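Here is a short report for a first look at this structure. Start with the strands, then move on to the pockets.

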Amino acid sequence: MTTQKLETTGADIVYDVHGPLPTAGGRQPLFMIGQPMDASGFSTLASYFPDRTVITYDPRGLGRSVRKDGRTDHSPTVQADDVHAVITALGVGPVEMFASSGGAVTALALVAAYPNDVTILVAHEPPLIPVLPDAAAAERALAGVREAYEARGSGAGMAAFIVMTSWRGEFSDDYFARPAPDPAQFGMSAEDNGARDDPLLSDRSSAVSGYRPDFAALAVSPTRIVIAVGEESMGLFTGRTSLATAELLGQQASVFPSHHGGFIGGESGYAGQPEAFARRLREVLG
């Protein structure tokens, strides 16, 4: 693996190249992106593609990529420009892409703006609130997570986030009538360290969850777009956003093993089924 830094006017973007460039056998690199997860979250999944050149990167302001634009918010269109800049810097033509969570939102923005950058996109569980039939209620539920974080810190915020993302079906009156969850029930401390800059729990990523893709641009893009959903996510928040996004693209979502973090290995407390996930990803990529 080699690590490189791309200096732009707004940020220094750090990315990793796993394998040779130009690629062995002439196949395009496989670019893996997430948000707010950085490159480290793809270490296990990348290990199941030893025959491929895999690219991973840290989004601006996360991990090793340092911002210079004076901003703290995370915008899918800004991140799409960064990914485009990395693809251009690679100098090997279009890439194949696996993108998860907020990274899948960035990837949809990328394909809409730069349709010749990606030959196939597997967009795994993009958390797109505007595509839901209960979008207003979902936004209210997410606002509750932010309020818990602002009022009581990361433990309370993460407990509220887990409850929200584990809720099955639309966000009904029953959801909002629930008492605030105790962080202890999830094995977390209720102690408040004073930090309010978490990209998942604060309002810094509001533009990610609030993004509505340009479906007209995506419909005419030469990129083959596959919306992926974990089998354990069916009926949950990101499972529902995935199915709704796929429907708006005129397709059915492709079912993958495990949950929202199904490709993550044992180094995380949220391990999925990475070997089975990688096998399914190979099938979809072709």
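## A strand and its partners

Strand S6 and strand S7 (residues 118-124) pair in the parallel sense, over 6 bridges. Within that pairing, Phe 98 stands opposite Val 122 in S7. The chain gets from S6 to S7 through helix H3 (residues 102-113). This β-α-β crossover is right-handed. The model is a predicted one.

S6 also pairs with strand S3 (residues 30-33). Here 4 bridges join the two strands, which run parallel.

## How enclosed is S6?

How many of the residues of S6 (residues 95-100) are buried? The count is 6 of the 6, so the strand is largely enclosed by the rest of the structure. Both of its faces are covered. On one side sit Val 95, Met 97 and Ala 99, all buried.

## Ser 100, in the strand

Ser 100 belongs to strand S6. Its relative accessible area is 3%, and because buried means under 20%, Ser 100 is buried. What does Ser 100 contact, leaving aside neighbours within four places in sequence? The partners are Ile 33, Gly 34, Gln 35, His 124, His 260 and Phe 263.

## Ala 107, in the helix

Ala 107 is found in helix H3, the helix on the chain's path from S6 to S7. Is Ala 107 buried or exposed? Its relative accessibility is 0%, so Ala 107 counts as buried.

Not counting residues up to four places away in sequence, Ala 107 touches Ile 33, Met 97, Ala 99 and Leu 121. Ala 107 and Gln 28 are 79 residues apart in sequence. In space they are 17 Å apart, C-alpha to C-alpha.

## Ser 233, in a loop

Where does Ser 233 lie? It is in the loop between strand S8 (224-230) and helix H9 (237-248). With 3% relative accessibility, Ser 233 counts as buried. Its contacts, leaving aside neighbours within four places in sequence, are Glu 125, Thr 238, Gly 239, Ser 258, His 259 and His 260. His 260 is also in contact with Ser 100.

## The largest pocket

The largest pocket holds about 1,100 Å³ of space. Its lining has 39 residues. Nearest its centre lie Ser 101, Phe 161, Leu 200, His 260 and Tyr 270. Helix H4 (135-152), helix H5 (154-166), helix H7 (206-209) and H9 each give two or more residues to the lining.

Which element gives the largest share of that lining? H5 does, with 6 residues. By type, the lining residues of the largest pocket divide into 17 nonpolar, 18 polar and 4 charged.

## The second largest pocket

The second largest pocket has a volume of about 290 Å³. It is lined by 16 residues. The closest to its centre are Gly 144, Ala 160, Tyr 175, Arg 178 and Pro 181.

H4, H5 and helix H6 (173-176) each supply at least two residues of this lining. The largest share, 8 residues, comes from H4. The lining of the second largest pocket divides into 11 nonpolar residues, 1 polar and 4 charged.

Conventions
Residues numbered from 1 in each chain as written. Predicted model: local features only at pLDDT ≥ 70, side-chain atom pairs only at ≥ 80, totals over all residues. Heavy atoms only, no water. Buried < 20%, exposed > 50% of the residue type's maximum accessible area, 1.4 Å probe, protein only. Contact = heavy atoms within 4.5 Å. 1 Å grid on protein atoms, 1.4 Å probe; cavity = no way out; pocket = protein on both sides within 12 Å on 5 of 7 lines; lining within 4 Å. Points joined across faces, edges and corners; volume = space filled by probe spheres on them. Nonpolar A, V, L, I, M, F, W, Y, C, P; charged D, E, K, R; others polar. Pairing = 2+ DSSP bridges. Right-handed = clockwise from strand over helix to strand, strands pointing away.
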